[in-house]
Amino acid sequence: MKNLKIVFAGTPQFAENYLSALISSKHNVAAVFTQPSKRSGRGLKFTHSPVRNTAEKNNIIIRQPEKITIKETDALAELNPDIVIVVAYGLLLTKEFISIPKYGCINVHPSLLPRWRGAAPIQRSIESGDTITGVTIMMMNEKLDTGDIIYQEPHRIDSHKKAWELEEELMNLGGHILLLALESILNNKFVLYPQEHRLSTYAKKITKEESKIDWNMTAQEIHNKIMAFNSWPIAETTLSGERIRIYDSKYNENDIIGIPGNIKSYENNIEVFTKKGTLSILSLQKENSKVLGVKDFLNSNDLSGKKFN
């Protein structure tokens, strides 16, 4: 039975799911590349990536360079893998590094490329109101997310899907697809499809500064942002000068007109005026408090005469 000698490059939990699928397959994961461990917490203890933790448990060689250099290219050449698989690694690979493996380097990307190249495709697809996304497996080159496509699997986005929920769905979807793609590569039964670069969009990295809600946006746009920013950084607003983080919502496409940020209703739900339509807040959190459903929040907070800013 044919199998592949694989070097895996990835860092977060999203990548670890794919690594686990490869470890459980007939293929041989010879080594992993993952980002350097970081000190965190009061004791400044090292926090290792999920990929490193899984590699350690399975006695797989681990490399954690700050960047890909000639040293790392030489190390890869010594490992002599058939293929390198890259999933949310976070470091750019050099042309020399990519040229080492027999079958090249392939990347698993959580969008339907060329839409949403870059660091945050899941969040940006939700924020933009996309109704469909998916997983792309592509042959890598030295440019960011521009390689030829080997396989794509579409996946529908529900309008009330949070980013962490969509990420889990794409994790579960992608492991099987990756193994199918490897089988096609191993048996030379695959076709490379060039991307239509003119259709590309860029998913820039999410920043904490983006979390502030602008109530002059439409209700749907605000809702999309709340969904996209859950689990990080969490969309937020202020109420009487106090920071309020919003975890869940729904939008109402109505013709009711009011001042954006003003609260239309606060008896059984919190419904807020926007530029167009109203936003119903379903769960929220005050500073230094736990996340509450809207009814529990209203039981302990008087919203009369207040507005969100």
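**A tour of the sheet and its helices**

Begin by selecting strands β1 (residues 5–10) and β2 (residues 28–33): the two run parallel and are joined by five bridges. Strands here are DSSP runs of E of at least two residues, helices are runs of H or I of at least four residues, and both are numbered from the N terminus. Within this pair, select F8, whose bridge partner in β2 is V32.

The model is predicted: local features need pLDDT of at least 70, side-chain atom pairs count only at pLDDT 80 or more, and totals for chains, interfaces and linings use all residues. Residues are numbered from 1 along each chain as its sequence is written, and side-chain values use heavy atoms, with hydrogens and water left out.

Next, display the open sheet of seven strands, in the order β5-β2-β1-β6-β7-β9-β10, with mixed pairing; two strands pair if DSSP finds at least two bridges between them. At the edges are β5 (61–63) and β10 (149–156), each pairing on one side only.

Finally, select H27, in the loop between α1 (13–23) and β2. Is H27 buried or exposed? H27 is buried, with a relative accessible area of 7%; buried means under 20%, exposed over 50% and partly exposed in between, using a 1.4 Å probe and protein chains only. Leaving aside neighbours within four places in sequence, H27 is in contact (heavy atoms within 4.5 Å) with residues including N3, L4, L22 and L179. A polar atom of the H27 side chain lies 3.0 Å from the backbone nitrogen of L4.

Terms used
Polar contact = N/O pair within 3.5 Å; in protein donor to acceptor, adjacent residues only side chain to side chain.
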